[in-house]
Structure formats: C-alpha cells, structure tokens
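The points go from the overall layout to individual residues.

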Amino acid sequence: MSLKTVLILLGLALATIFALVCVLLTRGRSPRSCQHLPPEQEEMEDGQSLVFADLTPEEMSQVVRYLQGKLGVPLVDASRAKPSDNCIASVDLQVPAKAEVLRFLDGGGARPAREALAVLYFGNQADPNITEYVVGPLPVPAYHRDVTVQKYGGKVPYHRRPVTGKEYMDINALVQRELKKAPRFLAACCESDGTNLVILTTAPRGFKSGDRMTWFVLFHNVAGTGYYLSPVGLEVLVDHGDLQVSRWQLHKVFYNGWYFASTRDLEQEFVAGALEVVRLKQPQADAVLGSMRPRRPPGSPGPLPFEPQGPRYSVRDNRVTFQGWSVAFGMNPNSGPRLFDIRYRGERIVYELSLQEALALYGSNCPGGMSTRYLDGSFGIGRFAYELVRGLDCPYTATYVDRHYLAEADTPKTNQNSLCIFEHDSALPLRRHFSDSQSLYYGGLRKNALVIRTISTLINYDYIWDFMFHSSGAVEVRVHATGYISSSFFHGQGTDYGNRVGPHTLGTMHLHHIHYKVDLDVDGQLNSLETQDMEYEFVKDPWSAQNTIERPYLRRERLEKEDEAAFPLNAPMPRYLSFVSPNPNKWQHPRSYRIQIISFAGKHLPTSSSMERSISWGRYQLAVTRRKEEEPTSTSIYNQNDPWTPTVTFADFINNETITNQDLVAWITVGFLHVPHAEDVPNTVTVGNSVGFFLRPYNYFNEDPSVESSDSVYFSSEQDPGACGANPLACLSSAAACAPHLPPFHFGGFLNL
C-alpha cells in the first residue's frame with residue numbers, strides 16, 4: 001500500500017470520527033433544549049381550592065345512598081320515574097358561604113363543611129312538590145336539611161319541574177300513537193308512516209301557571225345529519241300535565257297554516273280533499289339540506305400549535321396556574337362553567353365568575369317557533385357539555401379534563417375530556433413599538449393567554465364558552481354560537497320572521513341573550529362603582545384669547561345606589577365603568593378594574609309580557625347590586641316551565657340599596673340578534689357570532705404588569721437581533737426541532753349517550 005493511499009484512508013477516518021463526534025454532541029444538546037420544564041408554581045396551600053371542587057362520583061353516590069336510606073319514602077330511579085313517582089332529580093355541590101370560605105382561605109379558619117345540594121321530585125305525595133336538601137358532611141353524609149322554603153320563600157310547585165328524558169319518551173310514544181290515526185295524510189305529505197319523523201320540544205309550556213302543554217315540531221329524521229333543517233309542516237300540542245301518563249292527550253294539531261282538533265280531524269280533511277298538502281320526499285343522507293359530510297378529500301394539515309418545552313401552565317385538582325394567574329374551575333350541571341378565587345400575582349381579583357343563563361327567543365308564523373323561549377339552564381348547560389374533539393374544539397396538545405354529574409339517574413355519569421385548558425397564541429402583539437427616531441430599537445410582547453374552554457350542545461345549538469387570562473392582568477369572557485339553526489316550515493308570510501334557507505325551510509329569527517355573575521373583589525371585598533366618560537367644553541385659547549378650542553374633558557361620577565347602577569339593555573352606558581377600591585395606587589388613583597362589554601343584543605321582551613319577570617335579568621346590560629348570600633343566582637331551573645310566576649325574579653335584587661364601599665356583584669348580559677340566512681347552512685359559523693366582556697385593570701397596578709413577562713422582546717440597532725442571547729425570537733429555530741410526539745387520536749363522546 002502506497003503512502004498516498006495510507007494518507008487518504010487516514011484523512012477519511014479522521015473526517016468520520018469528527019462527524020460522529022458532532023452528531024453525538026448535537027444529540028447530547030437536543031434533549032436538554034427540548035426537555036419539558038416545570039411551569040412556575042404559584043404559592044398557595046395545597047388543596048385549598050378543593051373547597052370549590054365539583055363533587056366526585058363517589059360523593060354523589062354516597063348522597064344517593066344516604067337519601068334512599070333516610071327519607072323514608074320510596075324513591076324510583078329518575079331515568080324510569082313516572083310523574084307520579086318520587087325521584088332524585090340531581091345532586092351537585094352546595095357551594096359554601098363566602099364568609100366561611102374567606103375565613104378558611106385568608107384567615108386561617110376551619111375548612112367549611114363539604115356539602116351537596118340534592119333536588120328531589122315528590123310526585124307520590126298528597127301535595128306533589130319539588131324539594132331541595134343540603135346533605136353533608138361529605139364524603140360520609142350524616143345529616144340533611146330542607147332548604148326549599150329558605151331559598152324560595154315557600155314550596156316549589158310540582159308543575160315547575162324540568163321535563164325529564166323519561167317524560168319526553170312517553171310524549172314521543174303518545175305522538176306516535178296519534179300519528180297512526182292519519183296514515184294517508186302522512187304518506188302524502190311526508191312519505192312516512194310516522195316512524196321516520198322526530199319531534200322537537202318548545203318551551204315554555206302554556207300561557208299560565210300550572211300549564212304543562214307543549215308544542216312539538218315534527219321533522220324528517222335522516223341518519224348522520226341534523227334534522228333541524230327538515231321540517232314537514234306538522235306540529236302538535238301535547239297536554240302532559242296530569243300525573244297519570246295515560247291521561248295525557250293531544251290538544252291541537254297544526255299543519256301548513258291550519259289548525260285541527262286532532263290527527264283524526266286532520267286525516268278527515270285530507271281525505272275529503274279540503275286540505276292542500278305540500279308533498280315532501282324523504283330526504284336522502286347524501287343530499288339532505290344541512291349535511292356536514294365532507295365534500296372534498298382531506299388536504300394538507302394546517303398549522304399546529306405546540307409547546308416546545310411542555311405546557312407553561314399547571315393543572316392540579318380543580319386549580320390551574322399560569323404566569324401569575326390562579327383559577328379554581330368547575331361545572332354546574334344546570335348553569336354551566338363556574339370559576340372561583342381568581343387571583344393575579346397572589347391578589348384575588350374575582351371571587352366568583354359564573355355563567356347564569358342562556359336565553360333563545362324565537363319568532364315564526366308557526367306555533368312552535370312563535371312560542372319558543374328556551375332557558376337553557378333548565379335543560380342543562382353543564383350536563384350537555386360533551387367530550388371535546390382534540391385538534392378541532394381545542395388544540396391537540398391541550399389538557400383535557402373530565403366532568404362528572406348526577407342528573408335524572410341514581411348513578412353518576414362522566415363527560416370525559418369535556419373541559420380543556422391551553423395556552424393560546426393569538427398571533428398578535430399584546431404591545432409593541434418600533435422606534436425610528438432618536439434611538440433605534442424594537443420592543444414588544446406576544447399576546448398569549450391561558451384559556452379555559454367548554455362547549456355545550458343544547459339541542460341544535462353549540463355554545464363555546466371561553467374564559468381567557470392575559471398577561472396584562474385582564475380577564476376576557478367570550479361565548480361563540482355555532483351548530484344548527486332551528487327552523488319552521490315555510491308558508492305564507494314566513495319571510496316576516498326570517499329568511500328562506502331551503503325549499504320548505506324558514507330560518508327563524510331569534511335572539512341569544514347570555515347572563516353572567518361577576519363577584520369582583522378589587523383589592524379587598526369593599527368596593528364602589530365609578531363611571532368616567534367624555535364631554536366637550538368650549539374655552540378661549542389661553543395664550544391669545546382670540547380663538548375657541550373644543551376641549552374634551554373627563555367626567556367622573558361615583559354611583560351611590562343600585563338603581564343608578566342598573567343600565568338598560570341597548571341604552572347608552574358610560575364608556576368607562578369600574579369597581580374601585582378605597583386604596584390608591586402609586587399615582588394616587590383608586591385601584592380599579594374596568595368592565596368592558598362587547599355585545600349587540602336584540603331587544604328584551606316587553607315588560608308587559610306575562611313571562612318577562614322570569615327573564616328580568618335581560619332588562620339590563622349591566623346591573624350592580626350588593627352581594628347577598630340569599631341571592632346566589634339570577635334565575636332558576638324552575639323558571640322555564642312556570643315563567644308566569646317565576647321562582648327567582650332578578651328584578652327584585654335591585655332595590656336601591658347603597659353600593660358605596662360594599663361587597664358588590666356585577667350581573668352582565670351579552671347577546672346578539674340572529675336572522676338566519678343561506679350561509680347558516682349547514683351550521684352557523686363562529687365568525688361574527690361572538691360576544692362577551694373584559695375585566696381590565698384600571699390604575700390597579702403602577703404600570704402594565706406584563707413588563708415582568710419573560711416573553712418580552714427588546715433589541716436595538718446596536719445589537720445583533722439574530723443572536724439568541726439578545727433576542728429570544730432568534731432561538732425559535734432550535735425550538736422548532738422540539739415538535740411533540742402527539743398521542744393517537746381518540747374520541748369516546750358517543751359512548752355515554
């Protein structure tokens with residue numbers, strides 16, 4: 001072997017060794033740069049937030065067993081119970097009194113007793129009624145007390161109870177029996193014998209207290225798509241108020257603009273040729289109006305958010321912490337998401353932030369549509385928050401949390417992965433400035449926020465509930481509406497009440513009004529309400545007195561009474577409205593949090609309406625009242641089926657008490673008018689259908705607290721912006737190599753239905 005060959009081989013060997021060393025060194029660095037870093041931990045005693053935690057399945061079961069053994073009356077499982085039976089309708093957390101909780105959280109006091117609130121329907125009694133019991137202490141109950149009279153001032157009449165699944169099943173059986181009395185009509189109008197038709201409930205159920213008569217709208221049922229866009233023109237009024245199901249009856253029939261006493265009368269009119277029938281074909285799944293089946297094969301994947309070094313938030317039990325924020329979260333099976341003890345940098349900003357109610361009020365020239373005023377809390381905003389679809393409903397890498405509830409059954413149910421938590425990059429600066437004069441520099445901060453989200457499917461509509469926490473100290477609350485519109489059969493002057501969206505489908509106008517409770521504690525419990533707005537004053541210019549200047553000035557006002565702090569819906573409101581503390585910031589302004597509402601609500605129901613008091617919270621875009629333990633919610637699940645004598649009337653909360661240096665609650669209504677149009681098929685889109693509000697610090701701090709963020713970016717003309725040490729954005733190229741290993745997609749949301 002020649003010397004030249006030896007040198008060549010030696011050189012190749014050295015190059016190979018050098019390459020291997022580089023690879024090994026690179027591999028050695030990669031795991032360190034991509035390893036998950038633990039999020040910053042907030043200081044709070046372990047387990048304190050559990051005072052707000054939803055009941056566990058075992059706790060719910062313990063309450064059921066206790067009641068079954070202690071009440072001394074027969075209890076039938078609610079999933080099988082007839083109106084004439086006794087049953088446990090629901091079991092939920094009894095939230096402790098605020099004073100007790102604060103003594104525990106802030107004053108070193110004893111942990112409040114853990115208790116449950118059980119709602120029972122007593123149909124098998126001489127005086128049928130609804131009774132609510134507080135049961136405790138958990139996990140091993142030893143006592144129960146009837147709190148119905150204490151809460152509502154008297155017994156709750158039995159007719160106010162929400163309709164159960166079993167009751168709907170019995171109504172459907174009655175409707176199917178009645179449809180068999182009109183076979184030739186059904187064959188002509190709908191190519192049906194009735195079995196391929198589905199009923200949709202309306203509410204409320206009548207026109208006066210004690211009524212339980214419901215219009216049901218019939219639709220063609222097509223597997224794999226929403227039936228809500230396929231009305232057949234037939235609607236039936238069912239009287240289901242009697243405790244004996246055998247005595248229920250069909251009270252009235254509507255078809256295509258005409259009313260009949262019964263389906264038999266409808267059949268007779270059709271056979272006699274006196275009824276004009278619109279002949280509909282049974283829709284096919286591949287061509288039905290509103291199908292959501294994809295029309296194109298999948299394309300390339302879209303952008304995928306991920307955390308290069310793992311989540312920067314921490315979830316422990318029912319508490320999430322993120323960059324100074326600490327929030328206890330939960331879910332009421334009726335009213336939906338509820339948050340407690342919201343703190344920023346260790347200071348409580350909000351004691352309670354909870355959804356109260358969602359109203360959908362419709363117009364139509366069909367009886368079902370024109371009489372519909374859904375109060376979704378009575379159906380179950382939290383109960384019907386199902387499993388979220390990873391990668392679409394929430395980011396793929398979000399943290400998913402199960403929620404448990406007990407309603408209409410003696411055994412708890414779980415909606416797995418029905419709440420998600422994630423950090424959201426809005427692809428927008430929270431703040432930024434590019435300096436092009438004097439010194440040259442750039443400074444900014446990305447607008448990232450922690451998001452707590454759940455989505456409720458309430459029959460046809462899907463509500464996306466978001467609670468967002470920003471590094472500026474602001475809280476953002478937002479709801480998006482999507483899902484299917486509800487519709488009526490198009491006939492006559494239907495376009496006075498909406499737009500035609502199909503051959504025989506009228507998208508009916510309606511409004512969505514959403515109500516929230518916000519118990520702000522700004523630098524302590526004792527707050528006042530201050531408004532600020534602008535006016536113009538006309539002054540002579542002070543340097544010559546020859547010209548006039550229109551000078552804007554700030555008008556400040558402290559509101560003293562509740563009546564002053566009740567702002568009617570859609571009326572002008574001060575542009576700045578804040579909960580203020582008695583304590584000043586560094587610049588001698590009261591430490592405050594501003595309420596900023598984003599809404600384009602429809603008109604509230606006229607106060608002359610016999611049912612208006614049941615939704616009187618909707619009179620106000622904002623009402624501020626003194627906090628009272630006996631006014632925990634603005635509505636009741638019993639208001640839906642007896643809105644004429646409401647169990648809870650929010651308007652009575654406003655009685656002109658003083659609101660200066662008091663523990664105050666802001667009650668906020670947001671919403672929008674929706675006139676359905678062609679583009680609402682198949683679903684209403686979230687774009688433009690979002691409303692909500694902000695809670696923003698206003699002189700609460702001495703400067704924007706986000707200046708402390710480790711995500712801040714700053715570099716000047718004298719620095720190399722491409723250097724990772726000078727600019728964290730320059731480090732992103734290496735972070736991009738840390739793409740996570742995504743878990744396999746799984747969805748079990750259909751298993752619990």
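1. The domain bounds used in this note come from an automatic or database domain assignment. The model itself is predicted, and every remark that follows should be read with that in mind. For this protein the assignment gives domain 1 (48-155), domain 2 (165-272) and domain 3 (313-698), and the centres of domain 1 and domain 2, taken over C-alpha atoms, are separated by 37 Å.

2. As to overall dimensions, the C-alpha atoms fill a box of roughly 110 × 90 × 75 Å along the principal axes. The radius of gyration of the protein is 30 Å, which agrees with the value near 27 Å that a compact globule of 753 residues would have. The secondary structure comes to 9 helices and 34 strands.

3. Where domain 1 meets domain 2, 8 residues of domain 1 are in contact with 6 residues of domain 2, and the two domains bury about 480 Å² between them, with 68% of that area on carbon and sulfur atoms. On the side of domain 1 that touches domain 2, the residues divide into 4 nonpolar, 3 polar and 1 charged. The count of salt bridges between domain 1 and domain 2 is 0, and the rule likewise finds 0 residue pairs in polar contact across this interface, with both residues required to be at pLDDT 80 or more.

4. Turning to charged pairs in the whole protein, the count comes to 44 salt bridges. In one of them the side chains of Asp92 and Arg338 meet, at 3.3 Å from N to O. This pair links distant parts of the chain, since Asp92 belongs to strand 1 (residues 86-94) and Arg338 to strand 14 (residues 336-344), 246 residues apart. Side chains of opposite charge can pair when their charged atoms come close.

5. Which peptide bonds deserve a look for being cis? One joins Leu138 and Pro139, with omega about 20°, and Pro139 is placed in the loop between strand 3 (129-136) and strand 4 (143-146). Another runs from Val681 to Pro682, with omega near 10°, and Pro682 has its place in the loop between strand 32 (664-674) and strand 33 (690-698).

6. A last point concerns the backbone at Asp317, where phi is near 55°, a positive value in a residue other than glycine. Asp317 lies in the loop between strand 11 (314-316) and strand 12 (319-322).

Methods
Residues numbered from 1 in each chain as written. Predicted model: local features only at pLDDT ≥ 70, side-chain atom pairs only at ≥ 80, totals over all residues. Heavy atoms only, no water. Contact = heavy atoms within 4.5 Å. Buried area = accessible area lost by both parts, 1.4 Å probe. Salt bridge = Lys/Arg side-chain N within 4 Å of Asp/Glu carboxyl O. Polar contact = N/O pair within 3.5 Å; in protein donor to acceptor, adjacent residues only side chain to side chain. Nonpolar A, V, L, I, M, F, W, Y, C, P; charged D, E, K, R; others polar. Helix = DSSP H or I, 4+ residues; strand = E, 2+ residues; numbered from the N terminus. Rg over C-alpha atoms; globule rule 2.2 N^0.38 Å.
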